[in-house]
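Let me put the model up and we'll talk through its packing.

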Amino acid sequence: EILSNPLNTETIKKEIEEYKIAFGALKSEIAGLISESEGKTFIPEEMENLGKKIAEYKEEYNGIQQEIGGLGNKKKETEERIQEKIRIEKEYNALKNRGENIESLSKMFKAMGFVNYVSFAYLKQLCFAANERFQKLTQGMLQLEVTEDGKLQVRDFFNNGKTRSIKTLSGGQTFQAALSLALALADSVHQQNHSSQNFFFIDEGFGSQDKDSLRMIFQTLQSLKKENRIVGIISHVEELQQEISTCLNIYQDQEKGSIIREGWI
């Protein structure tokens, strides 16, 4: 019966070859282990100690894993608290701003608080508008500012941007500051009244100015021509009168009183 059964010789040969290869590899591995174990002896105590260390390491590893899990929970809890803190801060800032506004309103409607508040805001607005002209006149070296108590001061960019009293300005600079504020006020009035008049009269007391200040004042007034403004000057200063081409001269006569004579050049 065995001889009558057909045999797959190719498959059997392949299995035998694979067995030989596996056997050779195993034999080589055994030889390597024998070579490594030469001169060594098996000590049960060391094996037992090694097992204990392995168990300790596993226990420590498990403890670390538990600690990592606890830290993860703490991290999640901390993130939730941070989000809650951000939400509370937003609510706090909103309530703080509202409280400051209510406090401002409360102060505003006590005594002259509202009038002072509006006046201060309007003065700052005028100062801002006046600076557009004042900085041009001073070549960007000076700037008008309003202090918290509603007084004017000057920021001197020629002196590292330090502030000083407006009283420290020279005669010509004081005139430029006053003129800039007056023109800003006039512009504001014109806008509110929708007025088309563009007249501007100045009675500034030019007699107290020196020659340099007078020259600066006249240059300032001449610059108003570019703005299409009509400026009237009331002055007894001859140096300034000589610079004006169109004028009315008023003389005092003992018998006839004031006499007006035109002076067109």
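So, at what angle do α3 and α4 pack, and how far apart are their axes? The angle is about 125°, and the axes are 8 Å apart. Axes here are lines fitted to C-alpha atoms, for helices over the stretch in contact, with angles from 0 to 180 degrees between N-to-C directions. Helices are DSSP runs of H or I, at least four residues, and strands are runs of E, at least two, numbered from the N terminus.

Quick caveat: this is a predicted model, where local features need pLDDT of at least 70, side-chain atom pairs count only at pLDDT 80 or more, and totals for chains, interfaces and linings use all residues. Residues are numbered from 1 along each chain as its sequence is written, and side-chain values use heavy atoms, with hydrogens and water left out.

Back to the helices. On the α3 side, the residues meeting α4 include Y122, R133 and L137; on the α4 side, they include Q173, S180 and Q192. Contact means heavy atoms within 4.5 Å.

Now the largest nonpolar core: 12 residues, among them L126, F134, V146 and L181. By nonpolar core I mean buried Ala, Val, Leu, Ile, Met, Phe, Trp, Tyr and Cys joined through side-chain atoms within 4.5 Å, buried being under 20% relative accessible area with a 1.4 Å probe, protein chains only. α3 (113-137), β1 (142-146) and α4 (171-193) each supply at least two of its residues, and α3 gives the most, four. Look at A177: beyond its neighbours within four places in sequence, A177 touches F134, L144 and L169. Another core, of nine residues, lies apart, including L179 and L224.

How values were computed:
Buried means under 20% relative accessible area, exposed over 50%, partly exposed in between (1.4 Å probe, protein chains only).
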